[in-house]
Structure formats: structure tokens, C-alpha cells
Amino acid sequence: MGLKIEKITLRQIRMPLVHFFETSFGRTTERHIILVEVAADGISGWGEVTAGENPFYNEEWTEAAWIILRDYVAPRVAGRKLAGPEEVAPLSQHIRGHRMARGGLETAVWDLAARRNGVPLWSEIGGGDHKEIACGVSIGIQDSVAQLLEKIETELAAGYQRIKIKIKPGWDVDVIREVRRRFPSIRLMADANSAYTLADSDRLRQLDEFYLMMIEQPLSDDDIIDHAVLQSRLETPICLDECIRSARHAEQAIRLKACRIINIKLGRVGGFLEARRVHDLAAHAGIPVWCGGMLESGIGRAHNIALSTLPNFTLPGDVSASKRYWAQDIIDPPVEVTPRGTIVVSRDPGLGYGIDRDYIGRLLVREETVS
Ligand code: OSB
Ligand code: MG
């Protein structure tokens, strides 16, 4: 049963966050999100571009993603008859980088295929090992340590299974010491978003005393080799995020012992096909993975939930409740987290949540169709 892609609609929406989110590369107060709707046989599939508002996490950002999708990716897919969703990623493989833009369309076609087959997205991608996924939270850099401690308290009370805090030079060892003093036994980790260099090895080694689950992406976004050197100097496992843009990078990082854990983000690797490859390769090497987040709307969040049902997602991810980000989400119902810190995976066809078209319409900044 083939899929004839009749129409691809790009929509950019503006969504203010309920609380700013600060990382080592800057503060975000409002998201500019591109949604991709693909239509075939009267059915729609939805995807989300996870690029940020500025090219600071990686080289992608909303404006560039719009042009890449409209002028390079969508024209390759619109009007085409596909045997299945795994044919989408190869259609844009000639484009260097821009994996988040490409992934926005790729994930939409997986959703479309799942709906057309009347199965949940997790089933379409070959997942379903976890019926309930373990949730952690990522807490940004705060204005004070007291505020951070209060946030951690709130998230633990909500049931979240692990706490990740963002660090950067000047907001690291002393802050984590305070957190550990107050919460000696929680599952805790730190994410540096590439804020350090190998010259900071001694400082990073001081973190070993806090028995963190892992330190995420301490060094440059494109430097697997220095991470291997750093890992040999640390007891704390390194988890790579920015460095892993493909299964090939995962293979190289594992071979060089640059990390002991991998954070998989759908957008960063360009969609489900490549995410599954990274997952399988890590599983084969005995490297656990977890699902990272990019402050997604409910659509990207639902895709992350489906991805997290694959068997080697054995650590709590950064996939948390809609209400931590949005006063109102664009899916209905919103993503909710149980008091035991899990998300119960929807069994509905496709991404498993209703799409609130009216609300998307009210958030709309621009819209274009490629057919
Ligand atoms: O490094 O994981 C990251 C948000 C934006 C950019 C990069 C990252 C993050 C997060 C947020 O940590 C995770 C989330 O809650 O969506
Ligand atoms: Mg990260």
C-alpha cells in the first residue's frame, strides 16, 4: 500500500513558554515552531521542526528551516508516491546538515503512515516495548540557587524520576554541591551544552564527587575525540547530545569510548529512520539511550513518546508534561505525567493525541503550501 503525498503545509506558530528556559548558550522565553502537515487520501500526518529560534544549539534555526523545507525538502516529497515512510529521509540526504528541518517532514510522514494503517505511531516505527515511559525533567539555569532548589522540589513532588540541571562555567560545582546537600539520593545529572574545553578537565573532575548519573555534552558540539580524552579522566559517565547527528557519529563515539550513554533527539538526527539506527547501534554496543527534548509543542512531544517506547530507551528522558512549557498545548488532551513520573503511552492511531487546529490557527505567524 503506497502513500501518495498530495500536499505539504508548513505553518510557523509562536508559543510563549510559561517559564524562561536558560542554557549555557542563552535564554528562551518564546518558541517559534514550524509544524509540517502532510496529506494523502484525506488523511493528515503531523511533524514538528525542533530547531531553536537562533543557531546556538546547532547551526539550525527557525528561519533557515523554513527555507530549507519550502525550497529543498518539501518539493522532493510532494506529489511523490512512496512505498513507505522509510523512503522520505533518503530523498533529502543530498542536503548537508539541516537535519531538524528534514526531520520535521520525515516524522510527519511516519505519523501519516501510522494513521493510514490505523495503528499507533510507536507501532509504525517498530516500538512498543515500553507501555509507560520514564520521565525526567531538564531544569534551566536559574537566577539563584534558592530558585533552583525550589524548582527541583516541585518537580520531585510531581513524581519526576530524575533531575537534569543545566551547567556552565560559574554555575557548576558550587551549585551542584548545594543540590546534593539538599537532595543526597535523587537521580541527578548535568548538561553543559558544550560550555567547556579539555582545559577544564580538572574542574569537571570535581563533579565526580557528586555521583551524577552522567554529564551531558561538556565539550564542543563537533568534538568526539576530546570527549574520549575527557571520559578517560572522569569517573562520571559522559552522555553525548550535540555530537551525535547520525548513526555514524554514534558508531565513532562508541568506538573511541567518548561516551557511555547517548541522548537521542529525533530532530538532531533527522527523523525516525536515523533515530532507530542510532538506537539499534547503541543497543548492540551495550550503550543505554534516552530521549532528549527541544522544548517541543505537543506534536514533537508525542513523537518523542513514540520513540521512547523502543527497547533500549532504558533511562528517563527529557520528555515531560505539556503544562511545564505551555499554558495551553496544541494537542488535546495535553501530555500528562503520572504521580510515579511516567507517561502512559496512547494506543490511538498515529501520534495518539488530537490536533487542536483552531488553537494552531490562533498562534499562526505564517503558512505556505507545497503541492
Ligand atoms: O541540550 O537537551 C538540551 C533545550 C533546548 C536545547 C537543548 C537542550 C534543551 C533541553 C530541554 O535540555 C529539554 C526539554 O525539556 O525539552
Ligand atoms: Mg543536551
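Start by selecting glutamate 216: at 0% relative accessibility, it counts as buried (buried is under 20% relative accessible area, exposed over 50%, partly exposed in between, with a 1.4 Å probe and protein chains only). Before you click on, know that this is a predicted model, where local features need pLDDT of at least 70, side-chain atom pairs count only at pLDDT 80 or more, and totals for chains, interfaces and linings use all residues. Residues are numbered from 1 along each chain as its sequence is written, chains are lettered from A and ligands numbered from 1 in the order in which they are written, and side-chain values use heavy atoms, with hydrogens and water left out.

**Stop 1: the metal**

Now show ligand 2, a magnesium ion. Its protein donors are Asp191 (OD), Glu216 (OE) and Asp241 (OD), at 2.1 to 2.3 Å. (Donors are N, O and S atoms within 2.8 Å of the metal, or 3.2 Å for Na, K and Ca; water is not among the atoms, so sites may look incomplete.) Along the chain, these donors follow the spacing D-x24-E-x24-D. Glutamate 216 sits in strand S10 (residues 215-216), while aspartate 241 is 25 residues away, in the loop between strand S11 (238-240) and helix H9 (247-255). Helices (H or I, at least four residues) and strands (E, at least two) are DSSP runs, numbered from the N terminus. Aspartate 241 is buried, at 0% relative accessibility.

**Stop 2: the sheet**

Switch to cartoon view and look for an open sheet of seven strands, in the order S7-S8-S9-S10-S11-S12-S13 with parallel pairing. (Two strands pair if DSSP finds at least two bridges between them.) S7 (136-139) and S13 (289-291) are the edge strands; each has a single partner, so one side of each lacks a neighbour in the sheet.

Next, pick S8 (residues 162-166) and S9 (residues 188-191), which pair in the parallel sense over four bridges. Isoleucine 165 stands opposite alanine 190 in S9.

**Stop 3: the cysteines**

Cysteine 259 is buried at 4% relative accessibility.

**Last stop: helix H12**

Finish by selecting residues 298-307, helix H12, where 10 of 10 residues are buried. Among them are Arg301, His303 and Leu307.
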